Amino acid sequence: MSEAKPRFYSLPSLPYSYKALEPYISEQQLTIHHQKHHQAYVTGANQLLEKLDKARKENADIDMRATLKALSFNIGGHLLHSLYWENMAPPGKGGGKPGGVLADRIDKEFGSFERFKKEFSETAATVEGSGWAALTLCRQTDRLIPMQIEKHNANVYPMFRILFVIDVFEHAYYIDYKNNRGEYLEKFWNIVNWDEVDKRLQQALK
Ligand code: MN
C-alpha cells in the first residue's frame with residue numbers, strides 16, 4: 001500500500017545552510033531566491049490548483065487556456081528550483097569533475113568534459129530573457145542532450161529526464177553578480193554537485 005501524497009506543493013528545505021555556497025552564492029542571494037522566488041511559484045501553483053478544485057466543485061466555467069498556461073509556468077518554476085537546490089553543493093564537496101556513470105556518458109556523448117562544459121555554458125549564456133540550461137536524458141536513445149528552457153516551461157522536450165539545471169533568471173544572481181550572467185556561470189562550476197547528477201542519471205537509466 002502506498003501512502004497518499006499531499007495534493008498541493010510545498011517549499012522544500014535546502015540540503016545545506018543559506019551561507020553554505022559562499023563565496024559563489026551569498027547568504028542574501030540564496031535566502032531571497034529560496035524564500036521569496038521559489039516560494040512564489042509554490043504559492044502560485046497551489047492557488048491555480050485550488051481554483052480548479054473550486055470550479056469543479058461548483059461546476060463553474062473556468063478559462064482553461066489562461067489557467068493551464070499559468071499552471072505550467074508555476075509548476076515548472078517549483079520543480080526546476082527543487083532540482084537546482086539539489087544539484088548544488090558547498091565548495092569542496094561540489095565542483096571539480098563528474099565521476100561514475102555520468103563521466104563515461106559525458107565523454108561518450110560530447111567527446112570530453114571540456115566540450116560538454118563549453119556547450120552547456122553557451123546554452124545557459126544565450127537563454128533569451130529568463131530561463132534555464134538543463135542536461136537531459138532521452139529514454140529512446142539514452143543520449144544526453146542539452147536543453148535550453150525559456151521561462152520555466154518553453155522548449156522542453158516532452159518525457160525527457162532532467163538531470164541537472166542552472167537557473168539563469170536574473171533573480172538567481174543579481175545580488176551577487178549584478179547583470180553579469182557570464183561571471184555567475186563561470187563561478188557556478190565550483191558548486192555543482194556531480195554526485196547528485198550522477199545519481200539521477202543512474203536512476204533514470206534503470
Ligand atoms: Mn530562480
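## Strand S1

Strand S1 is mostly covered, with 7 of its 7 residues buried. The model described here is predicted.

Ala134 stands opposite Met147 in S2. Leu135 stands opposite Pro146 in S2, and the bridge partner of Leu135 in S3 is Phe164.

## The sheet

The open sheet consists of 3 strands in the order S2-S1-S3, with antiparallel pairing. Strand S2 (144-150) and strand S3 (161-167) are the edge strands, each of which pairs on one side only. From one strand to the next, the twist averages 25°.

The pairing of S1 and S2 is antiparallel and extends over 7 bridges. S1 and S3 also pair in the antiparallel sense, over 6 bridges.

## Helices on the sheet

Helix H7 (residues 194-205) lies across S1, S2 and S3. Relative to S3, helix H7 runs at about 155°.

## The nonpolar core

In soluble globular proteins, nonpolar side chains tend to be buried together. In this model, the largest nonpolar core has 48 residues. The residues with the most contacts inside this core are Tyr84, Met88, Phe116, Phe164, Tyr184, Phe188 and Trp194. Strand S1 (residues 131-137) gives the most to the core, with 5 residues. The core draws at least three residues from each of domain 1 (27-86) and domain 2 (100-205).

What is Phe116 in contact with, leaving aside its neighbours within four places in sequence? The contacts of Phe116 are Ile106, Phe110, Leu135, Phe164, Trp189 and Trp194. Of these, Phe164 and Trp194 are also listed, with Phe116, among the residues with the most contacts inside the core.

## Domains and their contact

The domain assignment of the protein chain gives domain 1 (27-86) and domain 2 (100-205). The C-alpha centres of domain 1 and domain 2 lie 23 Å apart. The contact between them takes 16 residues from domain 1 and 23 residues from domain 2.

## The manganese site

Which residues are the protein donors of the manganese ion? They are His33, His81 and His171, each through NE2, and Asp167 through OD. These donors lie 1.9 to 2.2 Å from the ion. In sequence, the donor residues are spaced H-x47-H-x85-D-x3-H.

His33 lies in helix H1 (residues 27-57) and His81 in helix H2 (residues 64-86), so the pair ties together parts that are 48 residues apart in sequence. Both His33 and His81 are buried.

## Backbone features

A cis peptide bond joins Glu22 and Pro23, with omega at about 10°. Pro23 is found in the segment before H1.

Where does Asp142 lie? The position of Asp142 is in the loop between S1 and S2. The hairpin of S1 and S2 has 6 residues between the strands, and Asp142 takes a positive phi near 55° there, although Asp142 is a residue other than glycine. Asp142 is partly exposed, with a relative accessible area of 30%.

Lys178 likewise has a positive phi, of about 50°, and is not a glycine. Lys178 is placed in the loop between helix H5 (174-177) and helix H6 (181-188). With 49% relative accessibility, Lys178 counts as partly exposed, because the exposed class begins over 50%.

Conventions: Residues numbered from 1 in each chain as written. Predicted model: local features only at pLDDT ≥ 70, side-chain atom pairs only at ≥ 80, totals over all residues. Heavy atoms only, no water. Donors = N, O, S within 2.8 Å, 3.2 Å for Na, K, Ca; no water. Helix = DSSP H or I, 4+ residues; strand = E, 2+ residues; numbered from the N terminus. Buried < 20%, exposed > 50% of the residue type's maximum accessible area, 1.4 Å probe, protein only. Core = buried A, V, L, I, M, F, W, Y, C linked by side-chain atoms within 4.5 Å. Domains from an automatic or database assignment. Contact = heavy atoms within 4.5 Å. Pairing = 2+ DSSP bridges. Axes fitted to C-alpha atoms, helices over the stretch in contact; angles between N-to-C directions.
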